[in-house]
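I would be glad if you read them with the coordinates open.

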Amino acid sequence: MNRLLAISTRFYKSRVTRIVRDTLSILFPIMLLGSFAEVFKFAFLSPSGFIATLFSVTKWLPFVHPLSQLAGVISRCTIDMIGTYGAYGAAYSTVKEYGKKSAAVAGAVGILSFLMISYQTGSRGRLVFNPTLMGQGLLIALIVGYVCGRVIVTFERNQLSGPYQVIRPLLIILLLSVLANLFISFLRSPQVQTFIFSITPHPVQGNAFPYVIGMGLLTDLLSWLAIGGPYTASPTFTDPPALANLNHALKAGTAYNAPFKYTATTLFHSFANFGGNGVILALIIAIFIFSKRKKFLTVARWSTFPAIFNNNYAMMLGVPILYNPILLIPFLLAPLVNMCVVALFLALNWIPAAVYPVPSGTPGPLIGFIGTNGNWLVLVLGIVLIAIDVLLYAPFVKLYDRLNENAGDKHETTD
């Protein structure tokens with residue numbers, strides 16, 4: 001822990017880290033607003049949503065459709081466009097970190113560069129903004145913004161002022177953006193995608209457990225890097241193993257002895273995704289219990305509501321968890337422990353597999369419970385796993401408190 005603290009302290013004080021932290025602080029309220037809107041849209045206002053199904057919200061609440069549309073607009077303009085804001089924030093924070101005056105102009109150039117990179121050929125051959133880059137390309141956006149800021153800082157001249165000083169660096173940035181666009185278009189070509197698919201491992205009955213564990217850890221790692229992973233944010237129940245498990249349960253009248261015990265649904269989504277990737281709900285509880293930093297507690301309070309419905313976007317940026325070497329360890333370890341424990345229970349046939357579909361926005365601890373048609377042992381197991389995850393997060397939350405104290409943030413601690 002002391003060695004990790006020393007390494008993290010040096011990393012925490014670096015210029016690049018300060019730029020990333022400042023950028024994520026800018027993005028936090030935007031992502032928080034989008035998280036609330038997404039939760040309301042899918043859990044409260046959708047006919048298949050958890051709260052809507054539980055309380056028949058769509059039958060008695062007036063203006064459900066316009067409210068759902070409004071929530072969708074807010075979600076699309078925040079979460080689904082976070083890359084654009086990230087490019088602005090990174091370019092702005094970079095120029096500001098180097099003490100230059102053209103930070104606002106640099107932010108605009110960062111947006112322009114990222115939009116040029118994201119404007120690519122769509123599925124029907126038309127040029128459109130790549131939704132994957134816009135919504136899941138925050139890491140690329142941060143790199144783009146940082147490069148734009150560094151180019152502008154390098155070429156800035158004191159004798160020029162205002163937007164005129166960025167004309168030459170703007171031309172360089174536009175050229176780099178075009179090259180980046182061509183490179184990403186090449187990676188998205190059918191030939192490259194076919195090659196990637198051919199070398200990607202696929203699950204079979206003999207290696208299902210290690211495959212799900214590996215893909216789950218890869219999803220969490222890529223989530224920590226702000227890149228979309230192989231597993232989606234919520235279970236779909238439409239893949240062949242999930243359909244086979246459901247057919248078995250309907251015919252046999254029980255979810256025990258399902259043909260595919262180890263799937264993304266039965267392990268990852270049902271027990272390793274409480275509050276979102278990394279079991280964020282456990283981190284929030286650990287912060288409430290063990291942290292003394294006002295910032296952490298404030299972020300945790302605001303992020304609790306969306307995290308209950310498995311939306312962890314606000315926590316990822318607010319703490320931040322993204323690119324945080326200290327919190328990476330429990331962020332990967334907690335889901336791994338959960339999946340291994342549940343796999344053991346499934347192997348011993350102590351619990352049934354979660355095979356039944358659940359409403360969208362179902363709170364993480366209830367996914368396994370509902371997915372097993374109300375097995376109470378599964379619910380107790382989920383609560384025990386959350387308690388274990390809180391204990392896993394606890395020493396790292398305390399260590400992160402110490403890191404901020406060493407970095408000079410003592411004024412942010414509570415009494």
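The points that follow go from the whole chain to single residues.

1. Basis of the notes. This is a predicted model, in which local features need pLDDT of at least 70 and side-chain atom pairs count only at pLDDT 80 or more, whereas totals for chains, interfaces and linings use all residues. Residues are numbered from 1 along each chain as its sequence is written, and side-chain values use heavy atoms, with hydrogens and water left out.

2. Overall build. The protein contains 20 helices and two strands, where helices (H or I, at least four residues) and strands (E, at least two) are DSSP runs numbered from the N terminus. Along the principal axes, the C-alpha atoms fill a box of roughly 80 × 60 × 50 Å.

3. Among contacts with a separation of 6 or more, 72% join residues 24 or more positions apart, contact meaning heavy atoms within 4.5 Å. The protein exposes about 19,800 Å², of which carbon and sulfur atoms supply 68%; these areas come from the Shrake-Rupley method with a 1.4 Å probe, and for residues only the protein chains shown count as cover.

4. Cysteines. A search of the whole structure finds zero disulfides, a disulfide being a pair of cysteine sulfur atoms within 2.5 Å. C148 is buried at a relative accessible area of 2%, whereas C77 is partly exposed at 37%.

5. F114 is located in helix α7 (residues 103-118) and is counted as buried because its relative accessibility is 0%. Beyond its neighbours within four places in sequence, F114 is in contact with G83, T84, A87, L133, M134, G137, I140, A141 and V144. T84, a residue of helix α6 (residues 82-97), is buried too, at 7% relative accessibility, and with the same exclusion of neighbours its contacts are I111, F114, L115 and M134.

6. All eight residues of α14 (residues 264-271) are buried, including H269 and F271. In the loop between α14 and α15 (280-290), V279 is buried at 0% relative accessibility. V279 touches A272, F274, A334, P335, N338, D389 and Y393, not counting residues up to four places away in sequence. V279 and N338 are 59 residues apart in sequence, but their C-alpha atoms are 9.3 Å apart.

7. V378 in α20. Which residues does V378 contact, leaving aside its neighbours within four places in sequence? They are F271, I351, P352, G368, F369 and T372. V378 lies in helix α20 (residues 376-406) and counts as buried, with 1% relative accessibility. From V378 to A354 there are 24 residues in sequence and 9.2 Å in space, C-alpha to C-alpha.

8. Backbone points to check. Most residues other than glycine have a negative phi, and most peptide bonds are trans. The peptide bond from V319 to P320 is cis, with omega near -10 degrees, and P320 sits in the loop between α17 (313-318) and α18 (325-347). N310, in the loop between α16 (294-308) and α17, has a positive phi of about 70 degrees although it is not a glycine, and it is buried at 15% relative accessibility. N349, in the loop between α18 and α19 (364-371), has a positive phi of about 65 degrees and is partly exposed, at 31% relative accessibility.

Definitions and conventions. Buried < 20%, exposed > 50% of the residue type's maximum accessible area, 1.4 Å probe, protein only.
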